[in-house]
Structure formats: structure tokens, C-alpha cells
Amino acid sequence: MMVETDSAADLCDAVVGGRDSPAIAGALRREHACRHGLLWRSDVAEPAVVVALQGLLGERCRRVGPAGLGVELFETAEGHGIVLVPRTGRLQLRIVGTTAREDREPVARALHRWLFGLVGVGVDTADAAADGGAR
Amino acid sequence: MHKRNGTPSVAYDNDLAFLGDAPVLYHCHHFNLFLDQSVDDALGPKVGPALRFAAAREASYQLLASLVRAADAVTPAERVALAEHVFASMGHGRLRIDAPQGVGKAVGEHLHYGQAWFEKYGATVRRRSPADAFAAGFAAAAVDLAYDLPPLSSAATEERCVAMRAPRCEFTIRRGEPEEARPRVDRAAVAATSADGWIPAGLHEDAIASIAATLRAFLAGVESDDSGLIRAFGVYVTMHLAGYYNRITYDTITRVQATAPKMTEVLEMLFRESGHVCVFNTFGGILMSPEWEGAVGTLTGDPAEIVAGGVAIARALGFGRWRIREHVPGERLVIDAPATYESPYYGIRHGEAVRPTCYFLQGAALAIMQLAERVRWSERPALTQAFYNELFRGGLPWRVEQTRCRVRGDDRCAVVVTRS
């Protein structure tokens, strides 16, 4: 499918079928982190969604880190990190370290919903499967 | 909230890193807390923190003096502001210093040691002494410089600490007697002791150099946040002073040798274990990071991949130009380097040694072998304390021997890991 547009939002509508798309984003899982609950993972299976996310994140967030190394790093206005590996669809959310421990999961879930809301993809609301415990 | 603290520009010689004149490197809080605790365990709750304060003040003074010169910071206000900025940009948290003529206070928020200790242990352990001797030493050094006081003369005491459940860290600063200056371990002195060029390239050299350069590109873009903390590869790290690590290590060894020589071997084991802690947490965290997956590739679990990756990470973090001299999977690993971040300090401060002294290199090499052989990377294991205990505290299948050391007169530092 060829899409001719300069807008990442248009691109995303084109590739995932708009805001009512039934597509489901990867579940959000806690990754083991040096501080509990700061790293969260989601995997994006659909390459077109990855492309759309790249574009939208570039518009909505601050790009941080070097370009052209196979991984895209962004930062939200609140300081949370969003890391995307376009080749594999791996997405990592990095919650600001000063976020209260009990708030980290809700913040991660809200960020996840916001992110996939941008591309009109439904979010799997199943409970997170913890990938690692706290230390 | 956006990043606001440009990380100071770091220069590299032989993959040893320098900020201003001072040797620096990156370490995470797991290593930092473990090393501090090892020192306090060996020296006790008064002498240990006192040594850590003195080491922090000395190393910080050297760093800040060179940065003050470079920035042409003339007034006390300029110098204090520079010191506070440098502290935050190195990932140590926020420090506000108010001690005119060397008398006053400092307030710390999100301090690396105190906050990390509380996050790691606070739920299960009640700490009875402050954790931030490094911040205290840094503040004292900043005051010495700001008010042109005799170098290494100000004293600082942490009165309240977040590790002890205080809302923030508070320090009193006062005038004191200057400590006698020791030989400088600066960039020029390190270069003079770190010959290179005549050691042949190691295995996978091109790949290692390329990965190290890639990782360094990520590090160069890292900035501390509003809290003065640095997160790189998803791991909270500090840019730290090699002089601090080395002084607390070797002064502790020297004191224990003098007072309880039978304990020296135990202490050396602990310092080697600091290498395990670092490799497991920091190297492991980097290997599993999305940056690694995107820029280097998805881990296959091939031992050669982990060993080469580990050596590249060491270079990127400023540990020195580690090379793989030999690697027989499941059997043997030899890593060497023209200099480690440990050897120049020891040579300059302590002279020739009878025994090898690169404890971190020894422990790290063994840990790299363990990660290469005993971790199923493709299953994305969680790098938990329980997993650490399983890998490193249940009887290691490897032994490590340092066969060459610059401070014994050898042409390089080299460690050999074999089956135990």
C-alpha cells in the first residue's frame, strides 16, 4: 500500500484503519530494572504501526540520543523515555526515576495507552505479566 | 520537564576516560553501593566513611580545579554554581551549597548513594549511618575551591540522609585542617604510565571497536534530568571519579594489611566481587537494552558474542582498552589491557607491587565468562538479585588469576579465567 502524506497521523490512519481499528497493541509487561517498576516493555508486531509510531513520536516528543543506529529514543514532556527498535518492534517505556513507587505502574499504563491511542490502536488491558521482580 | 544539564565532555585515551584532568568512568549504583559497603565492612562505621569522605574530597578537588580553570570561573558564586552543575551532570543528584568562607551547609536531593540505597534496601533494612560520603567530599572540595581555602581542608558531615528516611540530605560544612597532598593522578600522569601500541590486537578487534564506538555515541547523548540523575541504556549510572574508587580500595587494603593481615584475602575477594556486581547488573542491563538490540543486534547467546560484547562495554564505559587475547568457550578466557583504570593509580600512589592489583578487572573477567556460559540470553532472563545469587554465590565454576600487572613491571595487565 502506498501512502502519500506528510502527516504521521494520516499515515497511521492509513495503515491501521483509523481510530476505530480493532488492532491490539502488545501487552505491557514490566521489565526488570535497577529500580522497581521503571522499565516497561511492549512489542509491536505490525511493521506499519512501528512506522506510524516513529513518525508520531517524532512530532509529539523530544528526540534524544544519536540517529541512525537502529534505535529511536524519545522523551515526553514529563521526562519519560520511549525507546523503539524499528527492526524488531520492541518498545520500552522508561518511567522517570523520581516517580513514586506506587505510581509507576499507573503512569506506565497511561503512557502506553496514550502511545497507542496516537496511532489508533487498541490496548490490551490484561494485567501486566511481570518480567522481573524488584530489588 | 526536559533535559537541562549538558553532560560534560569526556575525552578518551586508550579507552580510559577523562573529565578535565580527572580520570572518570561510568558505574551503576549496584557497584557503587557494594564498593562503599565493602570499605565500611572492612574498616568499621567510623573509619570507613571517613576514608570515603577524604577520597571524595581529594578526587573532586582535582576535577573541580581543572574545570574551574577551564571555565575561568573566578567568583565564589561562579565556582559554586559550576560545582553544583557538574555534580548533577555526572548523575549524582542535586546539591545546593551555601557555605561562605567554608562555614555553612549543603542540601542534597535525589543524591545517588542515599536514594539508591533506600530504593534497594530501604524496605527491609534500617540504615543507621548516612550514605553520602561522596557528596560530602564533593561539597567540601567545592567550598575549598570557591573561597580559595587551603586545598582539602574543609570538612562536611551529613546530618540527615534519605537512606535514613529523612526527606532530604543535609550537610554541615566547617573549616578543618588540610590533608597533605598526595601525588597527582591526572590525565598526563596516567598517559605516562599507560604505554600502548605494542600490544597486538586481540580477537574480534574490529567488532569490539565498532560496538564500543556505538555505545559511546549513546553515552555522549545522555544528559542528567532535573533530579541530577543519568539513565543510560535503561540503567541509572554515574559518571564517577576513578580516584575515588581507587583510593578507597587501595587505602582500605593498606590499612587492613597493617591491622589485620589475615583479612586481606577476604577483602580482595570482595573487591573482585565488585566486578561481578558491575558486570551482572550494568553489562547485563546494556546487553538486554533496546539500544543493544537495535544498534548491535538481538542476542543469540553465543559465548563469543557475550565476551566480545562485554569487552566493548568495558571500553565504552572508560575502563580501558580491554582485549580478548584468548577465548575457548567453556574453557578459558584471557583478557589483557595496556592499562586499567586501577593500575595507573596504584603505580603512581603506591609504587611497585608484589602481587597483581587490578581487582576489578579480575572480577569482571570472571563474571563475563559466567555470563557467557551460564545465562540463556535468548530467553531474556530478569537480572534479579536472586539470579545474581544463583550465578555468583553458589560456587563458581571458574577461577581467575591475574598473570600480568603493570605495577609489577609487566608490559600489560592480563587476567586468565579457567575452570576451577
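Between chain A and chain B about 3100 Å² is buried (accessible area, 1.4 Å probe, lost by two parts on being put together and summed over both), and carbon and sulfur atoms give 49% of that area. This is a predicted model, in which local features need pLDDT of at least 70 and side-chain atom pairs count only at pLDDT 80 or more, while totals for chains, interfaces and linings use all residues. Residues are numbered from 1 along each chain as its sequence is written, chains are lettered from A in the order in which they are written, and side-chain values use heavy atoms, with hydrogens and water left out.

**Interface of chains A and B**

- Contact, meaning heavy atoms within 4.5 Å, involves 37 residues of chain A and 38 residues of chain B.
- Five salt bridges (a side-chain nitrogen of Lys or Arg within 4 Å of a carboxyl oxygen of Asp or Glu) are found across the interface of chain A and chain B.
- Arg90(A) and Glu293(B) form a salt bridge through their side chains, at 2.9 Å from N to O.

**Helix 11 of chain B and its partners**

- Helix 11 (residues 303–316) of chain B packs with helix 13 (residues 359–374) of chain B at about 150°, their axes being 8 Å apart; helices are DSSP runs of H or I, at least four residues, numbered from the N terminus.
- The two are therefore roughly antiparallel (an angle over 145 degrees, on a scale from 0 to 180 between N-to-C directions).
- Pro303(B), Ile306(B), Val307(B), Gly310(B) and Val311(B) of helix 11 meet Ile368(B), Leu371(B), Ala372(B) and Glu373(B) of helix 13.
- By class, this contact of helix 11 with helix 13 has seven nonpolar, one polar and one charged residue (Ala, Val, Leu, Ile, Met, Phe, Trp, Tyr, Cys and Pro count as nonpolar, Asp, Glu, Lys and Arg as charged, and the others, Gly among them, as polar).
- Helix 9 (residues 264–287) of chain B crosses helix 11 of chain B at roughly 110°, with axes coming within 10 Å.
- Helix 9 of chain B is thus roughly perpendicular to helix 11 of chain B (65 to 115 degrees).
- Phe283(B), Ile286(B) and Leu287(B) of helix 9 make this contact with Ile306(B), Gly310(B), Ile313(B) and Ala314(B) of helix 11.

**Helices 1 and 4 of chain B**

- Helix 1 (residues 29–43) of chain B and helix 4 (residues 112–121) of chain B have axes 10 Å apart and pack at about 95°.
- That angle makes helix 1 of chain B roughly perpendicular to helix 4 of chain B.
- The contact of helix 1 with helix 4 comprises five nonpolar, four polar and two charged residues.

Conventions: Parallel < 35°, antiparallel > 145°, perpendicular 65-115°, else oblique.
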